[in-house]
Number of protein chains: 2
Amino acid sequence: MPHIHLPEGLPGIVSGLAFRPETARPMRELAEILLRGPSSLTSGEREMIATFVSTRNDCYFCQTSHRAAAAHHLDGNYELVDAVRFNHQHAPVSTKLKALLEIAGKVQQSGKAVLAEDIERARQEGATDLEIHDTVLIAAAFCMYNRYVDGLATFTPQDQQLYDEMGARMAREGYVQPAHRAQAAADTH
Amino acid sequence: MPHIHLPEGLPGIVSGLAFRPETARPMRELAEILLRGPSSLTSGEREMIATFVSTRNDCYFCQTSHRAAAAHHLDGNYELVDAVRFNHQHAPVSTKLKALLEIAGKVQQSGKAVLAEDIERARQEGATDLEIHDTVLIAAAFCMYNRYVDGLATFTPQDQQLYDEMGARMAREGYVQPAHRAQAAADTH
């Protein structure tokens with residue numbers, strides 16, 4: 001049972017966001033920019049970084065929903081996402097992404113754990129400053145989202161079909177609330 | 001030296017925010033709502049929660065700047081802020097704030113560390129659902145800001161006078177970028 005009276009029937013972070021729309025707006029916008037905004041990293045790669053960090057933070061809702069979102073960006077390849085989650089150094093992804101995942105894993109522990117040599121390795125594998133910046137911030141942001149979800153003890157569905165559908169929606173429609181989009185559209189008429 | 005090429009001469013998070021204005025906007029907005037928006041917790045109390053979490057995350061820039069912001073909300077009472085930072089259970093603050101700090105300290109470790117009995121205690125001391133929600137989110141958000149600042153190895157000034165001035169500005173003007181404010185004002189003319 002959630003620690004506070006959150007709107008019923010909404011899963012995970014969605015219930016916290018519905019409880020407090022004022023903070024929900026920037027939290028949704030940040031996820032949208034980081035995971036789906038213009039970037040030289042694909043959304044599949046960025047969702048895998050988010051999933052990797054959420055897995056290390058042991059946040060069931062976030063790791064399961066973003067795992068599904070990543071898979072939906074990758075033609076349904078859940079196997080690849082799980083390889084990154086549990087054994088990233090041997091996963092069939094680019095050496096650049098492996099180096100970025102290494103940085104994300106350090107950020108999950110502590111910002112100070114990131115060493116100059118971790119950055120150097122990512123650079124040698126072709127990572128740009130912006131890619132390094134966004135990797136650090138995705139990892140840091142999921143240290144927030146994960147703690148928010150579990151710190152409120154939000155409702156955590158177990159139905160895997162539901163996460164698959166949620167992931168498909170996250171990959172297709174993103175993180176900015178449909179109501180905001182509808183309002184924005186209405187405002188222009 | 002910062003891990004990536006951040007704008008020079010800007011301290012701590014300010015350099016990361018200047019490097020990436022797209023992500024800066026929601027990050028600034030979230031801090032503004034959580035620390036200075038309408039709330040039954042004072043800004044002084046909320047800045048002390050932020051300082052407490054940043055201290056536990058060992059983030060020098062954030063703990064020193066928010067310590068100063070908190071003090072400026074509290075008539076310059078740095079002593080009180082430091083009592084909360086280092087010995088909150090015996091600090092001369094309300095039993096409600098002590099219970100909320102206990103929750104924030106748990107969130108800093110992990111969302112799952114927050115137990116029903118921690119929430120129950122805060123409720124008994126008079127905390128509302130919204131105050132508990134915001135405490136969890138302030139703590140979670142500073143787990144992001146702290147990791148962002150240290151994960152990029154941003155420039156960390158040591159001059160205490162500078163932090164005092166920064167804290168005064170944070171307490172007086174808040175977190176939304178002056179340029180945005182100026183632009184918003186210009187748009188209305």
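**Symmetry and interface**

Chain B superposes on chain A by a rotation of 180° with 0.0 Å of shift along its axis, and the RMSD is 0.0 Å. The two copies are therefore related as by a two-fold rotation axis. Please keep in mind that this is a predicted model.

Which residue of chain B comes closest to the rotation axis? That is Pro26(B), with its C-alpha at 2.2 Å. Both copies use the same surface, since 100% of the contact residues of chain B recur in chain A.

Now the contact itself. Chain B contributes 46 residues, and chain A contributes 46 residues. About 3,800 Å² is buried between chain B and chain A, with carbon and sulfur atoms giving 64% of that area. Of the area that chain B buries against chain A, 18% comes from His3(B), His133(B) and Arg147(B), more than from any other three residues.

Next, the polar side. Between chain B and chain A there are 22 residue pairs in polar contact, both residues at pLDDT 80 or more. The rule also finds six salt bridges across this interface. One of them joins Arg20(A) to Asp134(B), where the closest N and O atoms are 2.6 Å apart.

Which elements of chain B give two or more residues to the side that touches chain A? They are α1, α2, α6, α7 and α8. The largest share, 15 residues, comes from α8(B). By type, the residues on that side of chain B divide into 25 nonpolar, 10 polar and 11 charged.

Terms used. Residues are numbered from 1 along each chain as its sequence is written. Chains are lettered from A and ligands numbered from 1 in the order in which they are written. This is a predicted model: local features need pLDDT of at least 70, side-chain atom pairs count only at pLDDT 80 or more; totals for chains, interfaces and linings use all residues. Side-chain values use heavy atoms; hydrogens and water are left out. Contact means heavy atoms within 4.5 Å. Buried area is the accessible area (1.4 Å probe) that two parts lose on being put together, summed over both. A salt bridge is a side-chain nitrogen of Lys or Arg within 4 Å of a carboxyl oxygen of Asp or Glu. A polar contact is a pair of N or O atoms within 3.5 Å; within protein, one must be able to donate a hydrogen and the other to accept it, and residues adjacent in sequence count only if both atoms are side-chain atoms. Helices (H or I, at least four residues) and strands (E, at least two) are DSSP runs, numbered from the N terminus. Ala, Val, Leu, Ile, Met, Phe, Trp, Tyr, Cys and Pro count as nonpolar, Asp, Glu, Lys and Arg as charged, and the others, Gly among them, as polar. Copies are superposed by least squares on the C-alpha atoms of residues with pLDDT of at least 70 in both.
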